[in-house]
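Please examine the arrangement of the chains shown here before turning to individual residues.

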Amino acid sequence: MNIEEVDSRLREGVPGGVLELHKGPYSPHLVVDAEKIREVCLFLRDDGALRFDYLTHLTGLDCGELLCTVYRALSLLHKRTVAMRAYVPREDPVIDTISDIWASAGWFEREAYDLLGIRYRGHADLRRLLLPEDWEGHPLRKDYVDPLRYQDIDNTRDYGI
Amino acid sequence: MKALRTEDMTLNMGPHHPSTHGVLRFILTSDGEVVHSCRPDVGYLHRSIEKIGEIMTYIGFMPYTDRVDYVCAMNANWGYALAVEKLAKIEVPRRAEFLRAIVGELNRISSHLVALGTMAMDLGAITPFPWALRERERVNDLFEEICGARLTHNYVWIGGVAFDAPDGWLEKVRRFIDSFEKMIPEFNRLITGNKIFHERLVGVGVIDRKTALAYGISGPNLRASGVDWDIRRDIPYGIYPELAFDIPIGGDALGCIDDGYARFVIRVREMEESLKIVRQCLDRFPHEEKEHRTRIRKVKPPVGSVYVASEAPRGELGFFIVSNGTEKAERMRIRTGSFTAMSVVEKIAPGLMVADLVALIASLDVVAPEIDR
């Protein structure tokens with residue numbers, strides 16, 4: 001089963017869930033309606049023909065006006081993967097959590113929240129993962145500017161040149 | 001008699017760990033010796049490697065991949081090279097593929113040696129650690145001879161490998177695997193069959209198949225839970241499709257499954273399989289082909305994205321690269337095995353004794369820089 005078949009199976013199972021099958025220039029993926037991400041993921045995991053039982057990774061992307069969550073699921077049974085993207089607006093980047101569908105998403109979502117500021121609605125423990133809790137900003141956003149000071153520690157270096 | 005009232009105590013474990021896993025910190029609540037909850041606090045070794053990946057050129061980023069997981073830098077180099085080669089459609093000469101497989105598997109052996117040695121040391125057995133490190137030093141000697149570095153190799157380059165094997169190097173590798181093959185039974189005699197070691201690990205830190213899959217555990221930890229999955233066989237890369245090797249999984253053949261002991265034994269068995277692979281590479285080495293690298297001046301892939309997974313000693317090492325058509329990546333994402341392995345501790349720890357929590361963490365073989373990147 002290739003991505004076209006996963007796509008058509010999903011369109012049957014979750015009407016309106018898949019917005020687009022992207023074939024290029026980026027690697028093939030399904031663009032999923034952010035409002036229906038939970039339905040799509042549940043269907044991917046539980047449908048007998050799909051059985052995506054493993055979330056390989058989840059991360060965020062800064063796409064300018066939009067922020068994007070990238071999902072990649074794997075079916076060990078059928079030896080196939082599927083990649084998905086869900087876009088949310090930059091001003092209000094909120095999307096439902098899938099951490100109860102695949103537990104590994106728990107930390108992946110925390111990381112994406114930490115570094116890109118995407119908020120995962122319904123996440124049980126959405127705290128920063130890598131950076132200190134009082135850190136300001138989300139460093140993997142393209143408009144991020146390094147702070148000059150953090151807790152009275154000077155972040156600049158005078159190299160005398 | 002009235003039941004004795006007890007209170008939960010909050011304990012801070014770390015932010016260092018008396019072993020070689022890197023800087024880890026756990027916030028425990030415990031009732032006496034029994035852990036009620038365990039919150040791993042990671043990020044102490046966050047070096048912004050993903051952000052640096054957006055600032056450096058593709059070629060310039062290679063030495064940073066060494067630092068993602070410095071216990072198996074060769075495998076990290078290799079995983080990154082695979083991703084960029086797929087993105088920019090760069091061919092790799094056959095000679096380089098063999099050299100990559102040899103150093104990759106040697107690095108798997110040396111990484112597992114560290115894992116096994118520290119696992120034993122975390123449980124209080126000091127002797128196996130220097131024994132394991134002595135063998136690892138010999139692998140480091142081989143690496144030093146081929147690329148000049150013992151830890152952060154920067155050896156696998158985009159389009160091939162940095163240097164060809166010097167004269168006599170392949171014979172030295174063969175001498176090493178011949179002697180190391182005899183070391184494995186000795187290592188087993190020293191620790192694998194030890195009764196105290198059994199009692200500390202058998203049935204401790206049980207991660208069943210369902211939990212392992214849900215938490216995205218990968219590599220030897222996943223296979224210890226009875227899941228037959230190895231990227232080298234299932235999503236093959238390099239010359240692995242030409243090589244014959246077994247994939248040890250927890251269950252009947254090993255006699256142990258799901259627990260810390262299974263994760264230990266799997267790694268011992270994987271070292272044997274790596275020896276098999278190295279031996280095959282040496283036997284079939286393409287001496288007639290001289291090129292070890294496709295010469296490239298500039299890597300400028302077209303707009304696109306790629307995710308390439310490789311089987312590192314600590315599980316799935318995946319590079320997700322988004323290209324905007326320039327010499328620098330738009331996004332450089334690294335998915336590592338230790339990250340997901342660490343996240344499962346939160347789930348498994350409640351109900352363990354504090355000492356067993358140490359056994360759990362040791363048996364998962366987490367390396368902190370790989371979690372934080």
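The model is predicted. In it, 39 residues of chain B are in contact with 36 residues of chain A. The size of an interface is often given as the accessible area lost when the parts come together. For chain B and chain A the buried area is about 3,200 Å², and carbon and sulfur atoms give 60% of this area. Between the two chains, 18 residue pairs are in polar contact. Several elements of chain B each supply at least two residues to the side that touches chain A, among them strand E3 (34-41), helix H1 (49-55), strand E6 (304-312), strand E7 (315-323) and strand E8 (329-335). By class, that side of chain B has 17 nonpolar, nine polar and 13 charged residues.

Charged residues also pair across this boundary. Side chains of opposite charge can pair when their charged atoms come close. The structure holds 51 salt bridges over all chains, and four salt bridges are found across the interface of chain B and chain A. One pair is formed by Lys79(A) and Asp234(B), whose closest N and O atoms are 2.7 Å apart. Lys79(A) lies in the loop between E4 and strand E5 (80-89) of chain A, whereas Asp234(B) belongs to helix H10 (residues 231-234) of chain B, so the pair joins two chains. Lys79(A) is partly exposed, with a relative accessible area of 49%, while Asp234(B) has 12% relative accessibility and counts as buried.

Within chain A, strand E3 (residues 54-63) is largely enclosed by the rest of the structure, because nine of its ten residues are buried. Nine bridges connect E3(A) with strand E4 (residues 66-75) of chain A, and the two strands run antiparallel. In this pairing Leu55(A) stands opposite Ala73(A) of E4(A). The hairpin of E3(A) and E4(A) has two residues between the strands, and Gly64(A) in this hairpin takes a positive phi near 80°.

Chain B contains a hairpin of its own, formed by E6(B) and E7(B) with two residues between them. These strands pair in the antiparallel sense over nine bridges, and Gly304(B) has Ser323(B) in E7(B) as its bridge partner. E6(B) is mostly covered, with nine of its nine residues buried. Both faces are covered: one side includes Val306(B) and Val308(B), and the other includes Tyr307(B) and Glu311(B).

Which network does Glu311(B) join through salt bridges that share partners? Glu50(B) and Arg331(B) form a salt bridge with their closest N and O atoms 3.1 Å apart. This pair links distant parts of the chain, Glu50(B) in helix H1 and Arg331(B) in strand E8 of chain B, 281 residues apart. Glu50(B) is buried at a relative accessible area of 5%, and Arg331(B) is buried at 4%. The network in question joins Glu311(B) with Glu105(B), Arg108(B), Arg223(B), Asp230(B), Arg232(B) and Glu270(B).

Thr118(B) is found in helix H4 (residues 94-122) and, at 1% relative accessibility, counts as buried. The side chain of Thr118(B) reaches the backbone oxygen of Ala115(B) at 3.1 Å.

Methods
Residues numbered from 1 in each chain as written. Chains lettered and ligands numbered in written order. Predicted model: local features only at pLDDT ≥ 70, side-chain atom pairs only at ≥ 80, totals over all residues. Heavy atoms only, no water. Contact = heavy atoms within 4.5 Å. Buried area = accessible area lost by both parts, 1.4 Å probe. Salt bridge = Lys/Arg side-chain N within 4 Å of Asp/Glu carboxyl O. Polar contact = N/O pair within 3.5 Å; in protein donor to acceptor, adjacent residues only side chain to side chain. Helix = DSSP H or I, 4+ residues; strand = E, 2+ residues; numbered from the N terminus. Nonpolar A, V, L, I, M, F, W, Y, C, P; charged D, E, K, R; others polar. Buried < 20%, exposed > 50% of the residue type's maximum accessible area, 1.4 Å probe, protein only. Pairing = 2+ DSSP bridges.
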